[in-house]
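Dear colleague,

Please find below the structure I am handing over to you. My findings follow directly after it.

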Amino acid sequence: QVQLVESGGGLVQAGGSLRLTCAASRSGSGINAMGWYRQAPGKQRDLVAAITRGGTTNYADSVKGRFTISRDNAKNTVFLQMNSLKPEDTAVYYCAGAYYLGNPPRYWGQGTQVTVSS
């Protein structure tokens with residue numbers, strides 16, 4: 001079993017920045033892709049960004065050019081740098097781990113709230 005623990009959410013004004021961090025409890029689980037999903041009230045949970053161990057990335061169109069995902073394989077940690085935040089980025093952000101990029105996540109974090117005020 002792998003536990004994913006997120007940190008870094010909070011309240012920020014529009015145009016501001018936040019950095020989310022997700023630490024996996026262990027390596028060797030077969031999880032190749034890690035990423036971030038988000039869910040706003042009344043909406044479905046959607047992929048924001050994902051990254052493989054090799055550094056291949058995938059972004060939602062709505063965040064391209066504003067968000068950057070990165071990872072430290074040695075520390076089993078993934079980061080999401082969010083710049084130029086907009087009120088529509090407000091959501092609960094979930095860290096996720098999948099066996100392959102594009103596969104449904106096998107593991108989920110508990111979620112961290114990101115609120116962007118206008």
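In this predicted model, the largest nonpolar core comprises 29 residues. Trp36, Leu80, Met82 and Tyr93 are the residues with the most contacts inside that core. At least two core residues come from each of E3, strand E4 (33–39), E5, E7, E8, strand E9 (91–98) and strand E11 (112–117). The most is given by E3, which supplies four residues.

Apart from its neighbours within four places in sequence, Tyr93 is in contact with Glu6, Leu20, Trp36, Tyr37, Arg38, Val48, Phe67, Leu80, Met82, Gly111, Thr112 and Val114.

Turning to the sheet, four strands are arranged in the order E1-E3-E8-E7, forming an open sheet with antiparallel pairing. Strand E1 (4–7) and strand E7 (67–72) are its edge strands, each pairing on one side only. On average, neighbouring strands of this sheet are turned by 15° against each other, with direction ignored. Within it, strand E3 (residues 18–24) pairs with strand E8 (residues 77–82) in the antiparallel sense, over six bridges. Leu18 has Met82 in E8 as its bridge partner, and Met82 is also among the core residues with the most contacts.

A further point concerns Thr52, a residue of strand E5 (residues 46–52). Is Thr52 buried or exposed? Its relative accessibility is 8%, and because buried means under 20%, Thr52 counts as buried. When residues up to four places away in sequence are not counted, Thr52 touches Asn32, Ala33, Arg71 and Leu101.

With kind regards

Note on methods
Residues numbered from 1 in each chain as written. Predicted model: local features only at pLDDT ≥ 70, side-chain atom pairs only at ≥ 80, totals over all residues. Heavy atoms only, no water. Pairing = 2+ DSSP bridges. Axes fitted to C-alpha atoms, helices over the stretch in contact; angles between N-to-C directions. Buried < 20%, exposed > 50% of the residue type's maximum accessible area, 1.4 Å probe, protein only. Contact = heavy atoms within 4.5 Å. Core = buried A, V, L, I, M, F, W, Y, C linked by side-chain atoms within 4.5 Å.
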